[in-house]
Amino acid sequence: MKLLTEQASADNIARILEKLDTFNSDPSRGTTRVLFTPVEIAGRNYIKEEMAALGLTVREDAIGNIFAALPGTDPSLAPVWTGSHIDTVLQAGMYDGMAGVVAGLEAVRLIRAAGITPKRTIEVVVYTSEEPTRFGLNCLGSRALAGALTLEDAERLKDEEGRTLAEVLADLGYDLARFKDIPIARGAVHGAIELHIEQGAVLESLGLPIGLVKTISAPTNFEVSVRGKQSHAGSTPMHLRHDAFLACCEIALELERLAKASTSPDTVGTVGKVEVVPNASNVISGLVQFSIDIRDSDYETKSKLVAGLQTFFREVEARRKVELDIRQINDDKPTHSDPAILGLLEEACIKKDIPYHKMVSGAFHDSMMVGRFAPIAMIFVPSKDGISHNPDEFTEYGDIAKGTDILVETLLRMTME
Ligand code: HGY
Ligand code: MN
Ligand code: MN
Ligand code: MN
């Protein structure tokens, strides 16, 4: 087999990332590119242009997952995938997700420049809506590929304007009759690698350029509303209050206590979104709606924490005489990387004399869902100061290029298996 002659180009990676970053609905602070908003659609179209410029054949499924194929010599063999997402949280950085899509494009550019035709087809994938930003549920595209998101789910998921995912898809011309064709059968994809920024500070603290992800922690998310009694902040004695906000605070602190007490080192719990009604300085809140986000690399310890929290919900309700409405959004299982792909990644690092660290991902990724139907692994590149989901998110283009060198080497070996 012909050899790869060139190293990944940090300049080409920069060019695409910076152009993609211009598709931004709130340039005043960071990057905002929410699913199926005009800027995200423009961003999709731009990436499809880059895919076409590489001579890839581009197709989309009924939920908007984009697949760009570099055909292999033996189309009967299951393809190899690499990819990530281009949608963002609000006022985000410009690397979370995008680095993995661009690394996939650069890997294909290197393969084509070397005149190599792989045996297995390589597909660069843009997964629809990894972030829960618009519809409140994460990994919509990869979840649908895993057969865990049906058309009925898409007809139920609503955005803040009350539009369903199904309506938005139909308005954009996606054929909902093909929704049932989205799921990928086990065995239909030979393996999938996702390059992603670490979004933490482990690699930076170790001074290492590459992380190889052993396990992807998985989220369990709830939407909780507490109904208490809205009343006057001055004339309501403390013992007569049913303060919805204080009930929320107690639950948030109990979540913190349970997460800290967990036997798993990767258990984390967050209350990130709180809406207080009527949110007035001299009114005791009668209604608070808030989010609960729990992550762990171990499903058993996560489930134990959830059970402990549910007991606490009941206790707060009784003691404070408030009413809790708890909606569980998802309860995802952690995904372990495929040892064989991890082995290939390690061999690539050793061959290129690039030091690496095997680690757990605290963040979830599309690979968490892809791992339900295909062997997966992830490559991490360092995040400056561990910052992510923040305009100050930063990763050196040179580090993405180094990660791409590992990616392309491993993809090629997988295509020849
Ligand atoms: O929240 C997450 O873990 C992912 O980065 N959206
Ligand atoms: Mn993210
Ligand atoms: Mn991401
Ligand atoms: Mn992700």
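Val274 is found in strand β10 (residues 274–277), where a strand is a DSSP run of E with at least two residues and a helix a run of H or I with at least four, numbered from the N terminus. This is a predicted model, in which local features need pLDDT of at least 70, side-chain atom pairs count only at pLDDT 80 or more, and totals for chains, interfaces and linings use all residues. Residues are numbered from 1 along each chain as its sequence is written, ligands are numbered from 1 in the order in which they are written, and side-chain values use heavy atoms, without hydrogens and water.

**Surface**
- Val274 is partly exposed, at 37% relative accessible area; buried means under 20%, exposed over 50%, and partly exposed in between (1.4 Å probe, protein chains only).

**Manganese site**
- His85 (NE2), Asp96 (OD) and His196 (NE2) coordinate the manganese ion (ligand 3) at 2.0 to 2.3 Å; donors are N, O and S atoms within 2.8 Å of the metal (3.2 Å for Na, K and Ca), and sites may look incomplete because water is not among the atoms.
- Asp96 lies in the loop between β3 (80–84) and α3 (98–113) and His196 in strand β5 (residues 191–197), so the pair ties together parts that are 100 residues apart in sequence.
- Asp96 also bridges this ion and the manganese ion (ligand 2), the two lying 3.6 Å apart.
- Asp96 is buried, with a relative accessible area of 5%, and His196 is buried at 0%.

**Ligand 1**
- An N or O atom in the side chain of Arg295 is 2.7 Å from an oxygen atom of ligand 1.
- A nitrogen atom of ligand 1 lies 2.6 Å from a polar side-chain atom of Glu131.

Key:
A polar contact is a pair of N or O atoms within 3.5 Å; within protein, one must be able to donate a hydrogen and the other to accept it, and residues adjacent in sequence count only if both atoms are side-chain atoms.
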